[in-house]
Amino acid sequence: MFGWFTNPAAEATLAAHVKLTAPRTIMQWIEDDSVVIVDVREENEWASAHIPGATLMPLSRFNPAAVPVDSSKRLVFHCQSGMRCGMAAARMVEAGFDGEINRMEGGLMGWRMQGGKIATS
């Protein structure tokens, strides 16, 4: 799932906590108000297009302790194509987060292809 770890135990721990989730599923969660979306792209990417209601936390300055976790909602990380959100998820797990983390499949590109709403700043 991640491919950048050489330690099988670390890979297994991540696989237990991190799920790849389709944009359409996340759209439903937004309608149900049951999701926290964290965008790990950089500020210039965010300014050109982002998911309304998402929180910007660039991977270059990502701090797991600052992630807005709400135990009553699902946590979703996304980036442009789906790679950087995996790195953010790994940092969360390494920091001790033991809840489920959803990586948005295809990132913002997948979101757009599925007709997801986009905002600009």
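This is a predicted model: local features need pLDDT of at least 70, side-chain atom pairs count only at pLDDT 80 or more; totals for chains, interfaces and linings use all residues.

Visitor: Where do Phe62 and Phe77 sit in the chain?

Guide: Phe62 is in the loop between β3 (55-56) and β4 (74-78), while Phe77 is in strand β4. They are 15 residues apart, and the pair links distant parts of the chain.

Visitor: What else does Phe77 touch, beyond residues up to four places away in sequence?

Guide: Besides Phe62, the list includes Val38, Val67, Cys85, Ala88, Ala89, Met92 and Ile101. Asn102, Arg103 and Met104 are also on it.

Visitor: What is the order of the strands in the sheet?

Guide: The order is β1-β5-β4-β2-β3, in an open sheet of 5 strands with parallel pairing. β1 (18-21) and β3 are the edge strands, each pairing on one side only.

Visitor: How many bridges join β4 to β5?

Guide: There are 3 bridges between β4 and β5 (residues 101-104), and the two strands run parallel. Phe77 has Arg103 as its bridge partner in β5.

Visitor: Which strands does helix α4 lie across?

Guide: Helix α4 (residues 84-94) lies across β1, β4 and β5, and runs at about 135 degrees to β4.

Visitor: Now the core. Which residues touch the most other members of the largest nonpolar core?

Guide: Those are Phe62, Leu75, Phe77 and Ile101, in a core of 20 residues. β2 (35-39), β4 and α4 each supply at least two of its residues. The most come from α4, which gives 6 residues.

Visitor: Which residues are in the second core?

Guide: That core is separate and has 13 residues, among them Trp29, Val35, Ile37 and Ala49.

Visitor: Why would such side chains sit together?

Guide: In soluble globular proteins, nonpolar side chains tend to be buried together.

Visitor: Back to the strands. Where is Asn102, and is it buried or exposed?

Guide: Asn102 is in strand β5. Asn102 is buried, because its relative accessible area is 2% and the cut-off for buried is under 20%.

Visitor: What does the side chain of Asn102 make a polar contact with?

Guide: The partner is the side chain of Glu100, at 3.3 Å. Leaving out residues up to four places away in sequence, Asn102 touches Lys19, Thr21, Trp29, Arg74, Leu75, Val76 and Phe77.

Visitor: New topic: His17. Where is that?

Guide: His17 is in helix α1 (residues 8-17). His17 counts as buried, at 18% relative accessibility.

Visitor: What does the side chain of His17 reach?

Guide: The backbone oxygen of Asp98, at 3.1 Å. Not counting residues up to four places away in sequence, His17 touches Val93, Phe97, Asp98, Gly99, Glu100 and Ile101.

Visitor: Last one. Where is Gly116 found?

Guide: Gly116 is in the segment after α5 (107-113), and at 13% relative accessibility Gly116 counts as buried. Aside from neighbours within four places in sequence, Gly116 is in contact with Met27 and Trp111.

Note on methods
Residues are numbered from 1 along each chain as its sequence is written. Side-chain values use heavy atoms; hydrogens and water are left out. Helices (H or I, at least four residues) and strands (E, at least two) are DSSP runs, numbered from the N terminus. Two strands pair if DSSP finds at least two bridges between them. Contact means heavy atoms within 4.5 Å. Axes are lines fitted to C-alpha atoms, for helices over the stretch in contact, and angles run from 0 to 180 degrees between N-to-C directions. Buried means under 20% relative accessible area, exposed over 50%, partly exposed in between (1.4 Å probe, protein chains only). A nonpolar core is a set of buried Ala, Val, Leu, Ile, Met, Phe, Trp, Tyr and Cys residues joined through side-chain atoms within 4.5 Å. A polar contact is a pair of N or O atoms within 3.5 Å; within protein, one must be able to donate a hydrogen and the other to accept it, and residues adjacent in sequence count only if both atoms are side-chain atoms.
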